[in-house]
Structures are given as C-alpha cells and as structure tokens.
Amino acid sequence: MLGTLGLWTLLPAAAQVSPNRRTCVFFEAPGVRGSTKTLGEVVDAGPGPPKGIRCLYSHCCFGIWNLTHGRAQVEMQGCLDSDEPGCESLHCDPVPRAHPSPSSTLFTCSCGTDFCNANYSHLPPSGNRGAPGPQEPQATPGGPIWMAQLLLGVFLVLLLSIIILALLQRKACRVQGGSDPEPEPGSGGDCSEELPELAELRFSQVIQEGGHAVVWAGRLQGEMVAIKAFPPRAVAQFRAERAVYQLLGLQHNHIVRFITAGQGGPGPLPSGPLLVLELYPKGSLCHYLTQYTSDWGSSLRMALSLAEGLAFLHGERWQDGQYKPGIAHRDLSSQNVLIREDRSCAIGDLGLALVLPGLAQPPALAPTQPRGPAAILEAGTQRYMAPELLDKTLDLQDWGTALQRADVYSLALLLWEILSRCSDLRPDHRPPPFQLAYEAELGSNPSACELWALAVAERKRPNIPSSWSCSATDPRGLRELLEDCWDADPEARLTAECVQQRLAALAYPQVASSFPESCPQGCPENCPAAPASAAFPCRPQQSSCLLSVQQGSGSKS
C-alpha cells in the first residue's frame with residue numbers, strides 16, 4: 001500500500017549510505033513475479049516494508065504502480081540494472097505502460113535521486129475507465145509542507161555528515177596502508193601483452209558502431225574482411241571475445257569465421273586491439289529483413305541455419321581429438337546475426353559469450369567461473385532478453401543450462417522476425433514492413449520497465465497473425481515451435497538442438513512423414529540439415545531433449 005511508503009522510515013539507513021551509490025526505496029508486493037533484490041544491497045530500515053536498497057549497477061531508481069478502479073497500489077520499487085533515458089529526472093513522474101485488465105493500468109517511472117521512487121508526483125490519464133478523475137484524491141501519501149521541509153533539512157544534514165565520514169575513512173585507510181579497490185572488468189587499462197602489428201591491414205569504411213567497438217570493412221592480404229576495432233578502454237572486452245573465437249573446434253558454417261587478432265599500425269586509423277573476421281556483404285539479419293522478403297522454403301532454410309549455429313554453439317563435443325565446450329551466447333539479436341552469400345545465417349558478436357562447465361571437459365580446459373551473480377546475469381540487447389533475465393530470477397545454481405534456455409527465448413524472437421517477412425504466410429503474398437520483436441507493442445526503443453511489464457507481468461509475446469494458419473505449410477507445428485521456445489517457464493523450453501530438428505521436419509515434410517509414430521518430430525540420419533543424433537522426439541520437458549556430449553558430430557569447416 002502506498003501509505004506505508006514514507007521517506008522518513010528510510011532516514012536511519014541513509015546514515016550508512018556511500019555517497020557514490022544511489023539509494024532507492026525497495027518494495028515488492030506479495031505475489032509479484034521476479035525480484036530485483038540482486039541489483040543492490042538491501043538496507044534493513046526496521047520491521048516490515050518498505051526498505052532501502054543501495055544500487056550496484058546503476059544510479060537509477062524505478063517504481064511500478066497498479067491503478068485499479070481509481071485506487072493505486074505499489075507493485076515494485078528498487079534499482080534498475082543500468083542507467084537509461086529518464087534516469088536524469090529528479091522526481092518520479094509515472095507514465096502508463098500496460099493494461100493487465102480493462103479496469104487497471106500499470107504505471108512506471110525512473111528517476112535519478114536518492115529515494116526518488118518513494119512516491120510519485122501524479123498519475124497522468126491512463127485512458128481507462130479506472131483512471132481517477134481530476135477531482136479524485138491521489139493515492140500519494142502527503143503531509144504538511146513544513147513536514148516535507150523538515151525532512152529535507154534532516155536529509156541534507158545527514159548527507160553532509162556521510163560525505164565527511166567517507167573522506168575521513170578514506171584518509172584513515174591510506175594512513176594504514178590500504179589501497180583503492182581494483183577496477184572492475186571492462187573498465188579499461190593498459191594492454192600488457194604484445195599483439196602482432198597487422199601491417200598489411202587496410203581500412204575501407206565504417207559499417208557498424210557499437211558500445212565497445214567499431215566495425216570496419218577492409219582488406220588483409222587481398223581478402224575482404226571485417227575489422228572489429230576496440231578502443232583502449234575496452235581491452236577487457238577484446239580479450240574476452242578473442243578468447244571465445246580462438247577456442248579449438250569452434251569452426252562452423254553458421255558461426256562467424258575468425259581470421260586473426262592483432263593491432264593496427266601507426267597512423268590516424270584505429271591502432272588499438274583488433275579482431276579480423278570474415279566479411280558478410282549482405283549485412284545483418286535485421287538489415288536483410290528490412291530490404292527483402294522470402295518464400296516459405298527460403299525462410300525455413302534461414303531459420304534452420306540459425307538454429308544449427310546456436311545448437312553447435314551450445315553443444316559440448318569432441319571432434320578430431322579437439323574438445324569444444326558448450327557456449328552460451330547471451331546477446332542474440334538480429335543485429336548480431338549476419339547473412340551469408342547463400343542467404344543462410346552466421347552468428348557473430350561473441351563479446352558476452354560464456355564458456356559453460358561441461359560433463360566431458362578436460363581439467364586444463366575448465367572455464368573461469370563468472371565473478372558472482374552480476375556477471376552471470378549480464379546480458380546484451382534488452383529487447384531479446386528472456387523474462388528470467390528481465391526480472392533477475394535466472395537459476396544461478398545451474399546457470400549454464402539456464403543461460404542456454406535464455407538463448408532459446410532470444411532465438412524464438414529471431415525466428416518470428418524471419419517468418420514475419422515470409423510472403424507465403426500472407427494471403428496476398430505481401431508481408432508488412434519489417435518490425436523488430438515487440439516493436440509493434442513498445443516502439444523502437446523500449447525501456448527495461450516496459451519490457452518487464454509486457455513480457456514478464458503480462459506474459460505477452462509477439463503476435464502470430466491468423467493468416468499464418470491459412471498457408472499450405474504446417475501452421476500448428478509453426479505456432480507450437482515458437483510457443484515452446486518462448487515459454488515463460490524456462491524449463492519448458494526446447495533446447496537449440498530440438499529447435500533444429502523441429503525446423504528440419506518443417507523444411508523437409510516429405511522426409512518427416514516417413515518417421516515412425518514414436519518419433520513424430522525427429523529427423524532421420526540422412527537428413528542434410530541435422531546431425532545424426534537428431535533421430536528422437538523433440539518436445540518440451542522430455543529427457544531426450546537434454547543436451548548431451550556428441551562424439552565427432554556437428555562440426556563443419
């Protein structure tokens with residue numbers, strides 16, 4: 001209830017807050033799915049809610065309220081996992097985000113001052129009959145002006161005391177020989193290792209700019225290549241991505257081909273660490289789908305190649321005496337998938353990929369364990385994040401399997417994007433202009449709060465048009481495939497290998513029709529699009545769909 005969310009209940013805890021950390025109100029209503037508790041350190045301000053939370057990963061607070069029949073109740077308050085547009089606001093100014101029912105509206109806000117999410121300033125019109133009229137009282141608990149002024153004065157005095165105490169404590173630590181904390185991974189630093197200078201490398205033009213690197217088109221020894229150039233501050237990201245690309249046995253038709261790593265020569269062009277990769281002139285999947293449509297066969301082959309690439313990435317296997325560990329991608333998006341000349345897909349951008357612990361892993365190749373839950377929960381593009389990543393409920397006990405399941409959710413959104421541009425799934429053979437997953441519902445730049453409200457609270461998914469059911473294909477199998485991949489329950493999702501088999505059965509129905517009844521979704525050994533081990537049913541929650549170590553299968557040069 002909002003009446004319990006007074007700022008005064010948090011002031012005793014404020015005396016211990018670091019001046020460099022944002023402190024927000026923390027509250028989660030009973031029955032709300034998910035928790036943001038891992039995004040900060042909860043401050044015990046006394047018995048019962050609300051409490052405070054010191055943010056670990058952002059300087060941004062958020063709040064979610066549910067307005068039902070004119071009565072507002074708080075659903076969640078806490079820290080965001082990253083700074084986003086709106087965090088610069090000094091006050092909580094909520095906006096309507098979703099409608100769980102005709103009579104209720106979810107409002108969210110984000111703001112960037114301590115305890116700014118304790119109460120909202122006002123609720124704008126929601127467009128629902130349940131919204132309060134202009135004369136109706138708001139649910140924000142208020143007090144006399146003098147009380148607010150008094151509390152503000154007390155808070156400022158406490159904040160000044162905190163700063164003074166922090167300075168004294170730092171001085172004492174230095175006198176006692178203490179040192180400042182080590183910088184976090186990814187914060188930059190000098191590259192102590194010697195990288196080979198790629199003197200023959202020639203830069204042509206920038207083709208993509210990202211948060212940690214710029215991708216150029218260029219030439220190396222006469223071959224057209226893509227050059228991923230990292231600034232000095234992103235040395236840690238360079239090392240992480242290079243380590244994955246250099247794993248033995250990672251070569252596959254549907255994984256971007258790694259050529260070499262090094263540094264540029266002197267001059268105005270990038271001279272920092274570089275990854276040299278195969279160039280894919282057709283561009284990203286997003287760019288391709290914006291420009292072109294495909295028929296049913298081409299769309300399925302594109303989808304199947306994407307599933308093959310992810311199944312290979314996830315798989316733990318030995319090939320020709322080389323061990324390849326399982327790998328979770330963690331940033332699947334249509335910008336990070338590239339299109340080959342034959343219009344099949346190649347998965348790239350392995351900067352956030354994690355090597356997973358395995359069953360047949362030699363001790364010398366055991367991966368470095370992630371540094372705490374924050375490193376495991378780190379993920380890429382918000383639009384494609386699985387619900388368990390949005391609400392921070394990912395299974396940290398079996399984090400390897402959990403991250404693979406999160407990848408499959410992202411894969412489902414990419415399959416939907418591919419199929420949305422299939423001309424044979426439309427009665428007039430004219431698909432609508434390309435839209436990213438959830439773009440129709442949330443626009444081109446959704447916030448974490450908006451995605452949480454839609455994908456977690458409402459369990460909504462991209463719309464599967466009714467016209468898809470009018471095609472000559474197997475619409476029931478297509479819909480079931482997507483729903484089994486983006487299921488809200490991670491344990492109910494298919495593995496990437498099973499997605500590959502389901503797509504192979506759709507792509508080659510004349511072969512799949514000869515399966516015995518015990519294997520309705522499988523793929524025979526002579527199927528060119530799936531490995532030999534795919535001759536078993538692939539339905540969710542079946543032991544046959546669990547990942548297994550494959551001896552000498554699935555690798556392609």
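So, at what angle do helix α8 and helix α12 pack, and how far apart are their axes? Before I answer: this is a predicted model, where local features need pLDDT of at least 70, side-chain atom pairs count only at pLDDT 80 or more, and totals for chains, interfaces and linings use all residues. Residues are numbered from 1 along each chain as its sequence is written, and side-chain values use heavy atoms, with hydrogens and water left out.

Okay, the helices. α8 spans residues 399-419, α12 spans 496-507, and they pack at about 30° with axes 10 Å apart. Axes here are lines fitted to C-alpha atoms over the stretch in contact, with angles from 0 to 180 degrees between N-to-C directions. That makes α8 and α12 roughly parallel to each other, as angles under 35 degrees count that way. Their crossing is right-handed, meaning the near helix is turned clockwise from the far one by less than a right angle. On the α8 side, Val-408, Leu-411 and Leu-415 make the contact; α12 brings Ala-496, Val-499 and Leu-503. Contact means heavy atoms within 4.5 Å. Sort those residues and you get 6 nonpolar, no polar and no charged.

Now over to the annotated site.

Gly-210 is partly exposed at 49% relative accessible area, while Gly-211, at 60%, counts as exposed. The cut-offs are under 20% for buried, over 50% for exposed and partly exposed in between, using a 1.4 Å probe and protein chains only.

Note on methods
Helix = DSSP H or I, 4+ residues; strand = E, 2+ residues; numbered from the N terminus. Parallel < 35°, antiparallel > 145°, perpendicular 65-115°, else oblique. Nonpolar A, V, L, I, M, F, W, Y, C, P; charged D, E, K, R; others polar.
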